[in-house]
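Me: I would like to learn how to read a fold from its model. Can we go through it feature by feature?

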Amino acid sequence: MLKIDQNTMKINNLRSFVGTNIFSITFTKKDGSTRRMVARLGVKSHLRGGVKKFSDEERDLITVFDMNNKGYRSFKTANVINLKCNGITINFQ
């Protein structure tokens, strides 16, 4: 199990690490509660059109597709507690 400082894992590094694989992520939500989610990047099949009013990069967000709830969710990279992908677990605390 790897332990990495939160500041070293930036958005592009996280995206390149998981690629289009399904991964598990635990993060702190805005309200302070903890959430665990099974997600995937790059899912386009559920898009309904329209354009976001902001850029994910500007707000340090990553938008993923929640595999269990079948919807798009976003989280801040700074709030990630741990990430598991391809049998590798990375802790950010």
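Me: How many helices and strands does the secondary structure of the protein come to?

Reply: First, the ground rules. This is a predicted model, where local features need pLDDT of at least 70, side-chain atom pairs count only at pLDDT 80 or more, and totals for chains, interfaces and linings use all residues. Residues are numbered from 1 along each chain as its sequence is written, and side-chain values use heavy atoms, with hydrogens and water left out. Helices (H or I, at least four residues) and strands (E, at least two) are DSSP runs, numbered from the N terminus. Here there are 1 helix and 7 strands. Their order from the N terminus is β-α-β-β-β-β-β-β.

Me: Which strands pair with E2, and in what sense?

Reply: Two strands pair if DSSP finds at least two bridges between them. E2 and E3 are antiparallel, with 7 bridges. E2 also runs antiparallel to strand E6 (residues 80-85), through 4 bridges.

Me: How much of E2 is buried?

Reply: Buried means under 20% relative accessible area, exposed over 50%, and partly exposed in between (1.4 Å probe, protein chains only). In strand E2 (residues 22-28), 5 of 7 residues are buried. For the protein, buried residues make up 31% of 93.

Me: Where is the salt bridge?

Reply: A salt bridge puts a side-chain nitrogen of Lys or Arg within 4 Å of a carboxyl oxygen of Asp or Glu. The structure holds 1. Arg-35 and Asp-66 form it, at 2.4 Å from N to O. The pair links distant parts of the chain: Arg-35 lies in strand E3 (residues 34-40) and Asp-66 in strand E4 (residues 61-66), 31 residues apart.

Me: Are those two residues buried or exposed?

Reply: Both Arg-35 and Asp-66 are buried.

Me: What share of contacts joins residues at least 24 apart?

Reply: Contact means heavy atoms within 4.5 Å. Among contacts between residues at least 6 apart in sequence, the share is 54%.
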